[in-house]
Amino acid sequence: MNFSQHVPVLKGLALAGALVASAGLAHATPITYDLIGATTSVGSLTGTVTIDSITHLVTAADITFNDAFVGNPEFTNIGSPNTYNGLGQDYISGPSNSPLNYGGQIALYYNTANIGSGDLSLCLAFGPCGTQSNEASYVQAYVSNGSGGPFNLTGGSLDPQLTQRSEHTSAITPEPAALVLLGTGILGIAVMSRFRVFRT
């Protein structure tokens, strides 16, 4: 068997490797996180935030500020999503049912390091994931008497929902590093096959 007979097989292997690699690298998964232990001096925050696993940007949210005095506003409107220096940020706003409250917003800052692999820490006032005071998460309500904050978050994290943990774990397998190894192996097989042909 001469080298020309191996060419179609080698081309097929190379094409398959390239397709697997491109599919794995281009696959984005939205991950839904639960707000856990998100507290302020006047009330807690509960709800969910969905973050794109590739861009690290917030794509959806449903967060309630549990403070009856300001009408328990619910924040669902995404605004100004951004990422920089390993942090994600978004301003999520929404209405309220209180006669004193004209709505409100949460400024959500979070560490992007564990997206796709674990919990995300929220940036707190002078907390470890923010290097400046304006990178702290806070919530405020727009009320007529001026007592709607802002209130800095004093604790909390974004934890992947249980179904998201299992689904995303399977979705990210194989990882890009594994795909690189696969491609290297295919290339090695092709080179070895070529040398064997030349020897014969």
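Q: Is Phe-65 buried or exposed, and at what relative accessibility?
A: Buried means under 20% relative accessible area. In this predicted model, Phe-65 has 0% relative accessibility, so Phe-65 counts as buried.

Q: What aromatic pairs does the structure hold, and how many?
A: The structure holds two aromatic pairs. In one of them, the ring centres of Phe-65 and Phe-151 are 6.3 Å apart and the planes meet at 45 degrees, so this pair is tilted. Phe-65 belongs to strand E3 and Phe-151 to strand E10 (residues 151-152); with 86 residues separating them, the pair links distant parts of the chain. Phe-151 also counts as buried, at 14% relative accessibility.

Q: Which residues form an edge-to-face pair?
A: Planes over 60 degrees apart count as edge-to-face. Tyr-91 and Tyr-109 are such a pair, with 85 degrees between the planes and 6.5 Å from centre to centre. Tyr-91 is in strand E6 and Tyr-109 in strand E7, so the pair ties together parts 18 residues apart in sequence. As for accessibility, Tyr-91 is partly exposed at 26%, whereas Tyr-109 counts as buried at 4%.

Q: How many of the residues of strand E6 are buried?
A: Burial can be read for a strand as well as for a residue. Strand E6 covers residues 87-94, and six of its eight residues are buried, so E6 is largely enclosed by the rest of the structure.

Q: Which strand does E6 pair with, and in what sense?
A: Two strands count as paired if DSSP finds at least two bridges between them. Strand E5 (residues 77-84) pairs with E6 over six bridges, in the antiparallel sense. Asn-82 stands opposite Gln-89 of E6. The two strands form a hairpin with two residues between them, and in the turn Asn-85 has a positive phi of about 50 degrees.

Q: What joins E1 to its partners, E2 and E11?
A: Bridges show the partner and the direction. Strand E1 (residues 30-39) runs antiparallel to strand E2 (residues 44-52), with seven bridges joining them. Ala-38 stands opposite Leu-45 in E2, and a hairpin of four residues connects E1 to E2. E1 is also joined by five bridges to strand E11 (residues 155-160), again antiparallel. There, Leu-35 has Leu-158 as its bridge partner.

Q: Which residues have the most contacts inside the largest nonpolar core?
A: In soluble globular proteins, nonpolar side chains tend to be buried together. Here the largest nonpolar core has 26 residues, and Leu-45, Ile-51, Ile-63 and Leu-158 have the most contacts inside it. At least two residues of this core come from each of E1, E2, E3 (58-66), E7 (101-111) and E9 (138-143). A second, separate core has six residues, including Ala-107, Cys-123, Cys-129 and Tyr-138.

Q: Which residues does Ile-51 touch, not counting residues up to four places away in sequence?
A: A contact list places a residue among its neighbours. Among those that Ile-51 touches are Pro-30, Ile-31, Tyr-33, Val-58, Tyr-110, Ile-115, Leu-120 and Leu-158.

Q: What pattern does the protein chain follow along the sequence?
A: The protein chain has three helices and 11 strands. Their order is α-β-β-β-β-β-β-β-β-β-β-β-α-α.

Q: What share of the contacts in the protein chain with a separation of 6 or more comes from residues 24 or more positions apart?
A: The share is 53%. For the chain as a whole, 37% of the 200 residues count as buried.

Key: Residues are numbered from 1 along each chain as its sequence is written. This is a predicted model: local features need pLDDT of at least 70, side-chain atom pairs count only at pLDDT 80 or more; totals for chains, interfaces and linings use all residues. Side-chain values use heavy atoms; hydrogens and water are left out. Buried means under 20% relative accessible area, exposed over 50%, partly exposed in between (1.4 Å probe, protein chains only). Contact means heavy atoms within 4.5 Å. A nonpolar core is a set of buried Ala, Val, Leu, Ile, Met, Phe, Trp, Tyr and Cys residues joined through side-chain atoms within 4.5 Å. Rings of Phe, Tyr and Trp (its six-membered ring) pair if their centres lie within 6.5 Å; planes under 30 degrees apart count as stacked, over 60 as edge-to-face and the rest as tilted.
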